[in-house]
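Hi,

Here is the structure I said I would pass on.

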Amino acid sequence: MITLRHGEGRPTWAFVIVSVPRGNLRGVVDDVKSGRMTDSEDGPDLTEDGPEDSPAERAAAGDRPLVVVENVNKHFGELHVLRDINLTVDPGEVVVVIGPSGGGKSTLCRSINRLEPIDSGTILVDGKELPEEGKELARLRADVGMVFQAFNLFAHKTILENVTLGPVKVRKQGKQESEKHAMELLDRVGIGDQAHKYPAQLSGGQQQRAAIARSLAMKPKVMLFDEPTSALDPEMVNEVLDVMTGLAREGMTMIVVTHEMGFARRAAQKVVFMSDGQIVEENTPEEFFTNARTERAKDFLSKILTH
């Protein structure tokens with residue numbers, strides 16, 4: 001490190017040679033940037049660490065995961081549905097949220113793009129805190145795709161029109177460019193031949209794949225899925241899960257609330273188990289499904305994996 005000292009006379013250069021423990025170069029760089037290493041006469045002080053930055057502070061500083069949920073609480077009247085939730089999602093990571101009904105999973109998912117306002121805590125998406133309302137919130141939601149249990153397609157518009165509506169109205173793309181991209185996406189999810197049909201003419205699985213294409217058309221930074229297969233007939237579930245698995249393989253950042261344990265095992269990098277409004281356990285799929293740490297998670301798995 002080179003520092004420039006200003007004394008009474010002309011500036012002088014001082015060279016400081018720092019011995020960096022193996023694997024700790026980034027930590028030393030952070031110390032330099034934060035000022036914990038100084039250019040005092042006694043040399044740099046490496047003995048005392050300042051307080052560790054919170055995930056939200058690191059995200060705002062640029063050294064960040066894509067999504068940060070920190071100390072989030074949410075009430076519905078007297079019901080405390082989210083209790084001090086902390087979660088980070090890295091770029092390209094697939095996080096699957098599972099747990100019993102009523103545990104807060106869907107509320108957490110909907111809070112990440114402020115469909116549900118929170119009572120306290122911090123949620124950051126790509127380093128930016130969720131705005132409360134207005135154009136800034138609309139811009140953020142454009143970066144956060146959402147796929148619901150219900151398909152929420154416009155019944156009076158064709159599938160192609162449903163997919164192009166957001167890019168044209170929000171992203172201000174030209175119609176020709178939007179339609180070309182939309183057709184690519186519809187082909188990607190396997191329903192390109194249904195582009196000019198109306199939602200009522202499609203099966204439930206096809207409608208949900210159209211909803212996924214509609215979200216992808218906005219080129220989101222992260223995709224949220226709130227139990228996307230729960231409203232489907234059993235034979236239609238796999239065609240939607242196959243699309244989601246393909247997105248995961250391509251590196252799409254995803255937060256998926258689901259009861260599909262096979263998808264969690266196959267596609268997730270991280271499984272989050274929620275119960276009673278709390279994150280009870282967080283682990284890799286392999287560790288969670290074969291060696292759950294908490295009794296609550298073990299009890300849940302014993303019920304769903306034996307039926």
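Is phenylalanine 288 buried or exposed? Phenylalanine 288 is buried, at a relative accessible area of 0%. (Buried is under 20% relative accessible area, exposed is over 50% and partly exposed is in between, with a 1.4 Å probe and protein chains only.)

Before the rest, some housekeeping. This is a predicted model, where local features need pLDDT of at least 70 and side-chain atom pairs count only at pLDDT 80 or more, while totals for chains, interfaces and linings use all residues. Residues are numbered from 1 along each chain as its sequence is written, and side-chain values use heavy atoms, with hydrogens and water left out.

Aromatics

Searching the whole structure turns up three aromatic pairs. For a pair, rings of Phe, Tyr and Trp (its six-membered ring) need centres within 6.5 Å; planes under 30 degrees apart are stacked, over 60 edge-to-face, and the rest tilted. Phenylalanine 273 and phenylalanine 300 make a tilted pair, because their ring planes sit at 50°, with the centres 5.1 Å apart. Phenylalanine 273 belongs to strand S11 (residues 270-275) and phenylalanine 300 to helix H11 (residues 295-304), so this contact ties together parts that are 27 residues apart in sequence. (Helices, H or I with at least four residues, and strands, E with at least two, are DSSP runs numbered from the N terminus.) Both ends are buried: phenylalanine 273 has a relative accessible area of 0%, and phenylalanine 300 has 9%.

The rings of phenylalanine 288 and phenylalanine 289 are edge-to-face, since their planes are at 85°, and their centres are 5.2 Å apart. Phenylalanine 289 also counts as buried, at 9% relative accessibility. Ring pairs join Phe273, Phe288, Phe289 and Phe300 into a cluster.

Salt bridges

There are 12 salt bridges in the structure, each being a side-chain nitrogen of Lys or Arg within 4 Å of a carboxyl oxygen of Asp or Glu. Helix H11 carries some of them. Lysine 298 bridges to glutamate 295, with 3.7 Å between the closest N and O atoms; the two lie three residues apart in H11, about one turn of the helix. Lysine 298 is partly exposed at 39%, whereas glutamate 295 is exposed at 60%. Lysine 303 and aspartate 299 also meet in a salt bridge, 3.3 Å from N to O, and they are four residues apart in helix H11, again about one turn. Aspartate 299 is partly exposed, at 32% relative accessibility.

Elsewhere, arginine 171 forms a salt bridge with aspartate 143, the closest N and O atoms being 3.1 Å apart. Arginine 171 is in the loop between helix H5 (159-169) and helix H6 (175-188), and aspartate 143 in the loop between helix H4 (135-142) and strand S8 (144-147), so the pair ties together parts 28 residues apart in sequence. Arginine 171 is partly exposed at 32%, but aspartate 143 is buried at 19%.

A sheet

Strand S6 (residues 120-125) pairs with S7 over two bridges, in the antiparallel sense, and valine 125 stands opposite lysine 128 in S7.

Cheers

Notes:
Two strands pair if DSSP finds at least two bridges between them.
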